[in-house]
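Me: I'd like to learn how to read the strands and surface of this model. Could you take me through it step by step?

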Amino acid sequence: MTITSGAPRPARSTPVALARGLLSGGVAGVSLAALVVGAVIESAPLFVTGLVLPALYGLVFFLAGMPRRAREAAVVPRTALAVIESRQAVGGETSDVPVRFDLTVVPDDAPAYRVDVTQDINLVDLPDYRPRGVVVVQYPPERPWRVRIVKRPTPQWEERAASARLDPAPGAARVAAPPEGRGFGFAVLLGLLLGAAAVVLLFRADLFDGAGAGTAKSPSAGRPSVSSTSSTTVVSSASATVTLGAGRSFLDEGEPGRALGSLTQGADTSRALTVVVQERLLSVVFSPAGTRTAGFDPRALPYGRFPALVEEATTSLGVRSPLTWQITADRLTGPLTVRVVVTGARGAASLEADGRGKVVRRTPAR
């Protein structure tokens, strides 16, 4: 079969994508600033707002995208043959392993093209997807880069795949999702700065008054906080935060343990409702003293698994150019749950793990 170079070219980014980037950055900036400012001025409502706002934004984003997803689901996907140029397992601890495929897709009525896709394949079926093997794929007509391998094709397509001999398409014929470009990244950064600045300006009086009052009080009457050139720890009766200095990350070995050692020394701060971990910020909301509210010991979290969970969420769930990640651990209902949310240029993805760090659910980017 003769392969024609050239492929469907992806559409360019639109002002809608820039507006989405500005809004996403604004929500992230407001959330981070609310967590920090709420902890400094000991405002529980502001701190909780910083935790709840990203979840509400994600819910609104999901609901707003339902009409578009319904329209896409109504479009009949195209079916074609493809040859596997290469494959590589990219992780996974269950029977279904995420595998990255380099495919040459050969539609019946369009030029052949190359595409990279990641799909979960059962370990038992993995030998069936060998390099140079021919498989049946489907993809939306307007999005040829969203290729999915059909695991159980119809007998007609299965017969065609068994007898087909396909040549590889050249590298110049590779297609991918439309890049957001520098404009999208600038919009995210601008939204982040504007959101954070809005919170700081709105509560500047409380921040500056709190700082002035702190200098007039005796050390025993002031807020128990410890500061250093490498990190800053702020503790109150309801919450606590630890902010690392430049060049450090809570994914570094031993960092979460050292941070929690300074947060859980008191008997009334040994149980937590929520623990939120970001690159350089760790926040804990403690269980109210004298209540039987469900909680957990934050020192028992599987911090050793956090780097692997973030790595899997950023590489195997379809988030291109990941921008931010956040780990949230809570036990509001049922067993302890650890959630990792990653946002990028093409949306957000998440995974959930149990109290031992074992992944129990994955939600790829859409």
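Me: Let's start with pairing. Which residue of strand 11 is the bridge partner of valine 276?

Reply: The general idea first: strands of a sheet pair through backbone hydrogen bonds, either parallel or antiparallel. Two strands count as paired if DSSP finds at least two bridges between them. Helices (H or I, at least four residues) and strands (E, at least two) are DSSP runs, numbered from the N terminus. Here, valine 276 has threonine 328 as its bridge partner in strand 11. This is a predicted model, where local features need pLDDT of at least 70 and side-chain atom pairs count only at pLDDT 80 or more, while totals for chains, interfaces and linings use all residues. Residues are numbered from 1 along each chain as its sequence is written, and side-chain values use heavy atoms, with hydrogens and water left out.

Me: How many bridges join strand 9 and strand 11?

Reply: Strand 9 pairs with strand 11 (residues 322-330) over 4 bridges, in the antiparallel sense. Another partner pair there is valine 275 with alanine 329 of strand 11.

Me: And which residue of strand 10 is the bridge partner of valine 276?

Reply: That's serine 283. Strand 9 and strand 10 (residues 281-286) are antiparallel too, with 5 bridges, and they make a hairpin with 3 residues between them.

Me: Why is strand 9 described as largely enclosed?

Reply: Look at burial: buried means under 20% relative accessible area, exposed over 50%, and partly exposed in between (1.4 Å probe, protein chains only). In strand 9 (residues 272-277), 6 of the 6 residues are buried, so the rest of the structure largely encloses it. For the protein chain, buried residues make up 39% of the 366 residues.

Me: What joins strand 11 to strand 12?

Reply: 8 bridges, with strand 12 (residues 337-344) running antiparallel to strand 11. Glutamine 326, for one, has valine 341 as its bridge partner in strand 12. Their hairpin has 6 residues between the strands, and glycine 334 takes a positive phi near 75° in it.

Me: What is the strand order in the open sheet of 5 strands?

Reply: Read across, the order is 3-2-1-4-5, with antiparallel pairing. Strand 3 (113-122) and strand 5 (148-149) are the edge strands, each pairing on one side only. Further in, strand 1 (residues 78-89) pairs with strand 4 (residues 134-139) over 6 bridges; threonine 79, for instance, has glutamine 138 of strand 4 as its bridge partner.

Me: Which helix lies across strand 1 and strand 4?

Reply: Helix 4 (residues 155-163), running at about 55° to strand 1. Axes are lines fitted to C-alpha atoms, for helices over the stretch in contact (heavy atoms within 4.5 Å), and angles run from 0 to 180 degrees between N-to-C directions.

Me: Now the outside. Which residues form the nonpolar patch on the surface?

Reply: Patch residues have over 30% relative accessible area and no salt bridge; like charges are joined within 9 Å, nonpolar side chains (Val, Leu, Ile, Met, Phe, Trp, Tyr) within 5 Å. A salt bridge is a side-chain nitrogen of Lys or Arg within 4 Å of a carboxyl oxygen of Asp or Glu. Here the patch is Leu22, Phe186, Leu190 and Leu194, with about 380 Å² of accessible area together. Areas come from the Shrake-Rupley method with a 1.4 Å probe; for residues, only the protein chains shown count as cover. Helix 5 (residues 181-202) gives the most, 3 residues, while leucine 22 lies in helix 1 (residues 15-40).
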